[in-house]
Amino acid sequence: MYQTRRFLIVLFSLGLSLVFFMGAAMAGNYKKEYKMSVVVGPKLPWGAGATKFTELVRKRSNGRINIKVYTSSSLMAGRQTNEFLIHRQGVADFCFASTINWSSTIKPLNLFNLPFLFPDYKALDAVTGGEVGKDIATMLHKKGVTLLAWGENGFRELTNSRRTIAKPEDLKGLKIRVVGTPIFIDIMKALGANPVNMNWGDAQVAFQQGVVDGQENPVVAIEIPVKIWQFHKYITIWHYVIDPLMLTVNNKVMSGFTPEDQKIIRQAAVEAATEERAIVRKGLIAPDLSALHTLKQHGMQVTVLDDAVRLQFKNKTRKVYGKWVPVVGPELVKKAEAAIAGSR
Ligand code: X2X
């Protein structure tokens, strides 16, 4: 009797120390610091969203998971289109990334760059929140990256220092900075503009020096925070492409966390990205047009295209759309078009 009890006690303490030891070993596997890549600066909603995520994770994991945000493309020496590669290699453990910057490496992500595909947020939410979103998550997972949540940069609107752009002909000959993702060169050329690709860091210097006439970026997420009115007087709200953000983690890094910590990471990502998305959508749709008012207050001339004129622009880019469907993958485009039609 006494023997059995002693045996049980020994067994129990052995088990206990094993659990303890395993826990310690797993925690010991954690890096002191994880790296998170962001292309823009820390003060923009996009950069702030990344910081928010890291704060939630640090707090809820009681400091077990410590993520440092590397802003302004610093993990890839400014070259934003290299971000996916450094993420897959594990140079960046986490990313809060634009689909645009990854789409030269991962062709199906050009779905979001197809000109004039997404008319509004409802259409985008139907796509990212539906089957297409799941397909994209599966595809990314196969390439080594786990998609945790969708955030947003926003509809990309055109600004320039030369003139009002109210019809396609107005764009003729204007030198427009775009990201180094080939579809943007095609779109701008189809519209008669003269596109030049530049990394975001260089682009901001180019605006200052007047090396380019214009650029395209979202109003709340980028144009207001960088005070684009210092360089450009004219803005056209044309909603030509939308730019979702993906909050991601390298698969190997994710599998190194305990199930409990994985849950904390997933939850924090959804919360931070959802909050960020709400922030960048504010003030752009009637009755709340406060973001557009901010632009006007700073002397910008705001041209909002109506559906008829938007269609003129769309018509000019149809060939580009057709050229890029096979690159994206016809099945994925079909699914997205159906989801958008269903959201009407
Ligand atoms: O480079 C841009 O224009 C930016 C900041 O919007 C992206 O990273 C896609």
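Contact, as used in this report, means heavy atoms within 4.5 Å. The structure is a predicted model, in which local features need pLDDT of at least 70 and side-chain atom pairs count only at pLDDT 80 or more, while totals for chains, interfaces and linings use all residues. Residues are numbered from 1 along each chain as its sequence is written, and side-chain values use heavy atoms, with hydrogens and water left out.

**Helix packing**

Two packed helices are described by the angle between their axes and the distance between the axes. Here, axes are lines fitted to C-alpha atoms, for helices over the stretch in contact, and angles run from 0 to 180 degrees between N-to-C directions. Helices (H or I, at least four residues) and strands (E, at least two) are DSSP runs numbered from the N terminus.

Helix H14 (residues 318–328) packs against helix H15 (residues 330–342) at an angle of about 110 degrees, and their axes are 6 Å apart. H14 is therefore roughly perpendicular to H15; angles of 65 to 115 degrees count as such, those under 35 as roughly parallel, those over 145 as roughly antiparallel and the rest as oblique. From H14, Tyr321, Val325, Pro326 and Val328 meet Pro330, Leu332, Val333 and Glu337 of H15. The residues of this contact comprise seven nonpolar, no polar and one charged. In this classification Ala, Val, Leu, Ile, Met, Phe, Trp, Tyr, Cys and Pro are nonpolar, Asp, Glu, Lys and Arg are charged, and the others, Gly among them, are polar.

H15 also packs with helix H6 (residues 131–142), the axes coming within 9 Å and crossing at roughly 150 degrees. The two helices, H6 and H15, are therefore roughly antiparallel to each other. Glu131, Val132 and Asp135 in H6 meet Leu332, Lys335 and Ala336 in H15, and the residues of this contact divide into three nonpolar, no polar and three charged.

**Ligand site**

The ligand is surrounded by 13 residues, of which Gln80, Asn101, Arg156, Arg177 and Asn217 are the closest; a residue counts if one of its heavy atoms lies within 4 Å. The table lists polar contacts, that is, pairs of N or O atoms within 3.5 Å.

| Residue (side chain) | Distance to a ligand oxygen atom |
|---|---|
| Asn153 | 3.2 Å |
| Arg177 | 2.7 Å |
| Asn217 | 2.6 Å |

Taken alone, the ligand exposes 270 Å², and the protein buries 100% of that; accessible areas come from the Shrake-Rupley method with a 1.4 Å probe.

**Backbone features**

Most residues other than glycine have a negative phi, and most peptide bonds are trans. Ser72, which is not a glycine, has a positive phi of about 50 degrees. The peptide bond from Ala286 to Pro287 is cis, with omega near 5 degrees.

Definitions and conventions. A polar contact is a pair of N or O atoms within 3.5 Å; within protein, one must be able to donate a hydrogen and the other to accept it, and residues adjacent in sequence count only if both atoms are side-chain atoms.
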